[in-house]
Amino acid sequence: MKVKNLITFSILLFLLMSCRNQSVNNEDNSTNWSIFRGNPALTGHTNVSLPNNPVLLWTFQSGSNTRSSPVVYNQVAYWSDRRGRIFGVDINGEQVFDFNMNTAVDAIPMVHNNVLYIGRIDGFLYAICLEKQVVLWTFEAQGQIGASPNRMIFDGKDAIIVGCFDSYLYVLNSKTGEEIARFESGDRINGAVAQNNNILVYGGCDGWIRVIDASSGRQTDSLHVGMYIPGSPAMIGNFVYIADHDGNVFELRLNRGQIASHRKIFEPRDDNRRHTSVPAVTDNILYILSDDRHVYAINRSDGSIVWSYLLRGDTSESSPVVANDRLLVYTRNGIVTILDAQTGRLVWDYDIGEQIFASPAVINGHFYVLTSRGNLFAFGNR
């Protein structure tokens with residue numbers, strides 16, 4: 001039995017090393033949007049520029065519905081349909097990756113070192129080598145995994161972090177899938193975990209925001225906001241921004257893993273409110289989609305509204321993205337809008353003609369729109 005285990009481990013190690021050796025420029029933001037919201041802090045902000053005069057370059061039709069958002073790794077866009085088929089489409093619109101897990105999936109993938117990590121409704125997290133198109137390992141939780149994974153060095157180990165509907169946050173060894181740690185919540189964890197400065201922050205459906213110090217591997221603080229939290233936080237410096245289901249957005253200031261202060265920085269005006277999108281944040285401005293069909297730019301210093309813009313459709317689960325000096329927003333009814341990030345002036349819009357739940361993925365000179373029907377639209381310069 002020991003010999004068999006040694007052989008299995010050797011095969012896994014060989015696949016893992018051969019897979020990771022194919023990694024090229026994983027942290028280059030000009031060719032990668034390899035994680036939900038673009039970076040581990042989930043800011044939805046990139047310094048690359050959108051096309052000056054966007055045109056539709058191509059459309060890839062997968063023929064299957066999805067609730068995913070695309071991620072981009074080495075200029076290949078990846079997503080899963082709702083039946084667990086993972087597509088990979090290169091920058092020219094050609095399919096270069098096809099892997100079928102044959103089970104229900106609503107989650108967004110994450111790619112790190114040429115390995116794609118994705119959760120499934122049956123509670124499994126998969127690690128798939130992109131080069132070999134083989135499963136490196138699986139981890140079984142006790143509930144649906146609907147959130148996108150994140151990654152970081154946790155207690156000295158390269159780790160994958162993901163929340164689950166079984167009310168646990170799992171920290172897994174990225175090479176083997178072995179559990180390093182778990183943290184209990186009072187209810188489902190639906191959103192992704194944000195990490196910055198060696199600190200993890202996440203919200204749960206029990207209405208608690210929790211803070212974990214990755215260096216010590218301990219939960220260091222928490223805050224109850226009263227209403228359940230369906231989405232993900234965004235972190236910048238020592239600040240955290242996170243929205244509850246009613247559309248209230250909270251700001252937390254952290255100091256060495258402790259919540260030094262907190263305030264409600266935005267409160268919606270619509271009584272029939274519901275909020276699932278994630279804020280986008282820059283050094284000075286917080287961008288928020290509200291159920292009153294507006295996008296708001298909030299001054300982070302004093303909480304004042306810098307500008308607002310009425311969108312041509314209802315907001316949905318899609319979250320805004322700031323690309324250099326432009327703000328990219330998708331509406332549920334398929335309107336793609338680019339605004340001047342400083343003034344809120346309309347720069348460009350386009351009617352996709354299909355429902356959108358996905359958030360944008362942006363690389364240098366290109367951005368992607370994934371519709372609920374599983375069609376990927378690529379925009380760039382002519």
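Student: What makes Phe 99 a contact of Gly 84?
Tutor: Contact means heavy atoms within 4.5 Å. Leaving aside neighbours within four places in sequence, Gly 84 has such contacts with residues including Phe 99, Asn 100 and Val 105. This is a predicted model, where local features need pLDDT of at least 70 and side-chain atom pairs count only at pLDDT 80 or more, while totals for chains, interfaces and linings use all residues. Residues are numbered from 1 along each chain as its sequence is written, and side-chain values use heavy atoms, with hydrogens and water left out.

Student: How far apart are Gly 84 and Asn 100 in sequence and in space?
Tutor: They are 16 residues apart in sequence and 5.8 Å apart in space, C-alpha to C-alpha.

Student: Why is Gly 84 called buried?
Tutor: Buried means under 20% relative accessible area, exposed over 50%, partly exposed in between (1.4 Å probe, protein chains only). Gly 84 has 0%, so it is buried.

Student: Why is Asn 173 called buried?
Tutor: Its relative accessible area is 18%, so Asn 173 counts as buried under the 20% limit.

Student: Which backbone atom does the side chain of Asn 173 reach?
Tutor: The backbone nitrogen of Lys 175, at 2.8 Å. A polar contact is a pair of N or O atoms within 3.5 Å; within protein, one must be able to donate a hydrogen and the other to accept it, and residues adjacent in sequence count only if both atoms are side-chain atoms.

Student: How do you know that β19 and β20 pair?
Tutor: Two strands pair if DSSP finds at least two bridges between them. Three bridges join β19 to β20, so they pair, antiparallel.

Note on methods
Helix = DSSP H or I, 4+ residues; strand = E, 2+ residues; numbered from the N terminus.
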